[in-house]
Structures are given as structure tokens and as C-alpha cells.
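Here is a short briefing on a two-part topic: how chains meet, and what holds each one together. Please look over the sequence and structure before reading on.

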Amino acid sequence: MKDIIFFATVVFGVVNVVIALLVVAGRFIFSIVDRRREKAEQRLKPEVLAWLDEEGGSIPRRRLEKEVFEGLVARYGRALRGLDRDRLAEMAREQGIEKSLAQQLRSRKWWRRAAAAYRVGDIGLPLVRQLVSALEDENRQVRDSAARSLGRLGAVAGVQPLVVSLAHNRIARAVGAQALIDIGLAAADPLERLLWHHDESIRAVAAELLGHIEQGSVNALEMASNDMNPEVRVSVVRALGRCGSRTSVEIVNRMLDDPVPFVRAAAATAVGSLGTKDRFKRLVDMAVRDEYLPAKAAAAAIAVLEPEGIQRAVRAPGAPPHLVEAADLARVS
Amino acid sequence: MDRQTNLDLKEPLTVLVADDDPDILDLVVFRLERSGCKVFTARNGAEALEIMRQHRMNVVILDWMMPVASGIDVIERMRADENLAEIPVLLLTARAQESDVVSGFEAGADDFLTKPFSPRELSHRVMALSNRRS
């Protein structure tokens, strides 16, 4: 028995020493690589900067230096716009960085694919087809990087795949939405077309994004306000709440009478954002008699539209609880 | 000779660039040096003020959001100091809202450029600011 304990102790001790040595060796190797990377970066910076004046040499052949060079081009590209960014992208294309990144997007290692997808957008290389494919990647970080880069490239061809990825939660909401906002007005037409997609989650995402992108899409949103799916109608009313035109006010006012409570709630919030008092009585009626969600939203909208009036109204005995709550929140905010 | 360069002047323009992002510093310094300017760099607002007190600057380029003292803090301190009050300041910032631009000018900035930026445009603006002041 003693022998077994002694043997186990020795084995345990040896294993610990080996693990400790491996950790130390690993850290040592990483620190050497970091130092080499840092030195290479300092040496290569002037080369990359010279590209801005169409000078400078070709990219290094050694793997580490090549990686550092690509990283520098991407970092500088991220900070640039206009002619300088175009020039950097042109040089990157001529010197084979575009080809190299296209290859890296097919790498077996996900971090290589993610880094490549990120760099494509920073440099401004038009690898749209490859980025759209990367939205289907098994790794979320690769998909997010690809989405971000499609936005940075202003890739209209990326609008539909981005909306589909957003609707199916395949990319982070903030990343996908920002990408579509970055694409800007050019995204409006494809988004309007997606309002008639057979998948209701895609219709809902498209409607909501139109509110962030294009004020001229009110007509399309008006048609979508009659969508069979209440989720889509909620997205439409939220988008209209951001648009702010006279037509959108009329549609939002009409949606205060929607049969579904959470659509009425979204409409009340939108009325508050638009600042219209056309149906103020209806809001008061909702705050007093409607179901919990629309009543609460209507009271909050009243507090926005009539901040002094609501304080007077709640002083009366028997004031509706949602109005009292909205008045209290208005006072503290 | 390129119209924007400063090579025909007897003394090169002295420009201070303060930004905590080393890549931005690299890009600005590269473009300004190519335009014939003498460039000083700082990584934060306090360092920028210290350099300005030691060297005479023709133009100062400040990032808005920097550690220790922000670009706006630096401008306010410059405008309160009679030795630095007249130096033209260009704010280079990622803050692009209309309200930010207004706040920048209200604080005393002379020009405003948003990131991502064009170093060529920046260089032209620096020359214009310097010419306007002189």
C-alpha cells in the first residue's frame, strides 16, 4: 500500500513539473514571437505608409512578416477614407493581399477566417461574394466579422444575406444592424423588397431596419402595416416612429386601434416619439381602459406629449395607476 | 511643386499631433512630414500641453477623447493661456454628431475633421489654418 502511495506521489509530482515546464516554455515562446512581431511591425510601418504615395516595396515573403504587414495595412485602412484608402486597397490588390485574404477566408482555423473577414472590410477589398459565404460560416465570430466588413464595403449585394442572418440570429444584432446602416440609402430598395418575403421574421427585421435607414420608405412601410403577422406590424410601427413624416403619423395613429395589444403598445410609443397629439383622447382612453402593455405605453406617451398636464391629472383622486407611474417616471427622468 | 507642401517656406510649419491611437499618429505624421512640416507627437492631453509650452507651434491637431486630459480640456486650457491662446486647433475625432461639431467649435476649435479621415485633406486643412492665422 505504501509503495502505491509513494509511486502515485512521484507520478503526480513529475506530471506537475512537466506541466509547469510546458507553461513556462509556452510563455517564453510566445514572448519571443511577440517581440519578433513588434520588431517586424516597427520595420514594416514605413513600407506600408509609403504605399499611400504608391511607393514602398512588395509584401514580405516570410510568414510572420507577411501577417504583420497585412495587419498593418488593415489597421491603417480602418483609420482612412477617401483617396488614401482607395490607394491602400489598390496596392493591396496589386501586391497579392486580396488573394491571400481570399485564401485565408477558406482556412481550416476559424480565427484565421475571422481575422481575414475583418481585414477585408478594413482595407476595402471587394471580396463581397466570399464575405456573403462567410455569413454561413459555422463560427459566429467569422459571421460577425463578415457582416461588419460587408457594411464597411457598402455592399448592396450583402443586404439580403445580412437581413436573413439577422432574422435567424446568426449574427449579433448590433453588428448586423450597423452593417446595414453603414450601407445606407443603397440598402433601402433591397430592404423594401424583403417586406414581401415569405418568412415573417425576415419581413419584421427588414421593416425595423427601414426605420433606421430611409425616410422615403414610408409608402412601403404603409403597405406593410397591414401585414398578417403582428411581429411585422410592430416592426413597421417602430420604423414609422423614427421616420417622422406626416404620412407616417397617420399610419401610426391608425395602428393605435390594432386588434393585437402589443402592436397598440408599440403604436403608442411611436406616437410619443413622433410628438403628435392628433389622437390624444385615444391615448388617454388606452391609458385608462386598455390591457396592461398598451395602457402602460399610452401613459408613457402622454407623459412625453403633455408633461405638465399629466402632473396635474394625477393629482386628482382616483387617477389611473399607469398615468401615476408615468408621471412619477417623468418627474425623476 | 505640390501646392500643399510647405517646402518653399524658410522655416517648416511646426505641428503638434495629440492622439492616443498610434496608427492615427503614424498616418498624420507621415502625411505632414511629406508636406514638409516638423511634427511633434503626444499620446495624451497633458503631454500635449507640456510640449506646447516647450516649443512654439503653428498648428495643433487634437483628438477629442484622450486619456488624462481630453482634446476639449486642452483647447480650454490653451485659450486661457495667453502664450497658447492664438494657436489654431484642428479637432480630429470619431464624434461626428452635429452637436459634437458645435461643442468643438464652442470650446474654441478652429477646424473639425471626423475619423475615419483623409490624411491629404488633413494636410490641406493644416496649411489653410496656418495661412489664415499668419
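Buried area is the accessible area, taken with a 1.4 Å probe, that two parts lose on being put together, summed over both. By that definition, about 1400 Å² is buried between chain B and chain A. Carbon and sulfur atoms give 48% of this area. The model is predicted.

**Interface of chain B and chain A**

- In contact across the interface are 15 residues of chain B and 15 residues of chain A.
- The rule finds 8 salt bridges between chain B and chain A.
- Residue pairs in polar contact between the two chains number 12, with both residues at pLDDT 80 or more.
- On the side of chain B that touches chain A, the elements giving two or more residues are helix H1 (22-34), strand E5 (111-114) and helix H5 (119-133) of chain B.
- H1(B) supplies the largest share of that side, 7 residues.
- By class, the side of chain B that touches chain A has 7 nonpolar, 6 charged and 2 polar residues.

**A salt-bridge network**

- Arg31(B) pairs with Asp53(A) in a salt bridge, with the closest N and O atoms 2.9 Å apart.
- Both residues belong to a network of salt bridges that links Asp53(A), Asp84(A), Arg31(B), Arg34(B) and Arg120(B).

**Salt bridges within chain A**

- Over all chains, the whole structure has 39 salt bridges.
- Glu67(A) and Arg63(A) form one of 3.8 Å, N to O. They lie 4 residues apart in helix H2 (residues 63-79) of chain A, about one turn of the helix. Glu67(A) is partly exposed at 23% relative accessible area, and Arg63(A) is exposed at 54%.
- Glu70(A) forms a salt bridge with Arg119(A), the closest N and O atoms being 3.9 Å apart. This pair links distant parts of the chain, helix H2 and helix H5 (residues 110-123) of chain A, 49 residues apart. Glu70(A) counts as buried at 2% relative accessibility, whereas Arg119(A) is partly exposed at 21%.
- Arg113(A) and Asp137(A) form a salt bridge at 2.7 Å between the closest N and O atoms. Arg113(A) lies in helix H5 of chain A and Asp137(A) in the loop between helix H6 (128-134) and helix H7 (140-153), so the pair ties together parts that are 24 residues apart in sequence. Both residues are buried.

**Nonpolar cores**

- The largest nonpolar core has 122 residues, of which Ile97(A), Val163(A), Leu180(A) and Ile61(B) touch the most other members.
- Apart from it lies another core of 25 residues, including Leu16(B), Ile72(B), Val74(B) and Ala107(B).

Note on methods: Residues are numbered from 1 along each chain as its sequence is written. Chains are lettered from A and ligands numbered from 1 in the order in which they are written. This is a predicted model: local features need pLDDT of at least 70, side-chain atom pairs count only at pLDDT 80 or more; totals for chains, interfaces and linings use all residues. Side-chain values use heavy atoms; hydrogens and water are left out. Contact means heavy atoms within 4.5 Å. A salt bridge is a side-chain nitrogen of Lys or Arg within 4 Å of a carboxyl oxygen of Asp or Glu. A polar contact is a pair of N or O atoms within 3.5 Å; within protein, one must be able to donate a hydrogen and the other to accept it, and residues adjacent in sequence count only if both atoms are side-chain atoms. Ala, Val, Leu, Ile, Met, Phe, Trp, Tyr, Cys and Pro count as nonpolar, Asp, Glu, Lys and Arg as charged, and the others, Gly among them, as polar. A nonpolar core is a set of buried Ala, Val, Leu, Ile, Met, Phe, Trp, Tyr and Cys residues joined through side-chain atoms within 4.5 Å. Buried means under 20% relative accessible area, exposed over 50%, partly exposed in between (1.4 Å probe, protein chains only).
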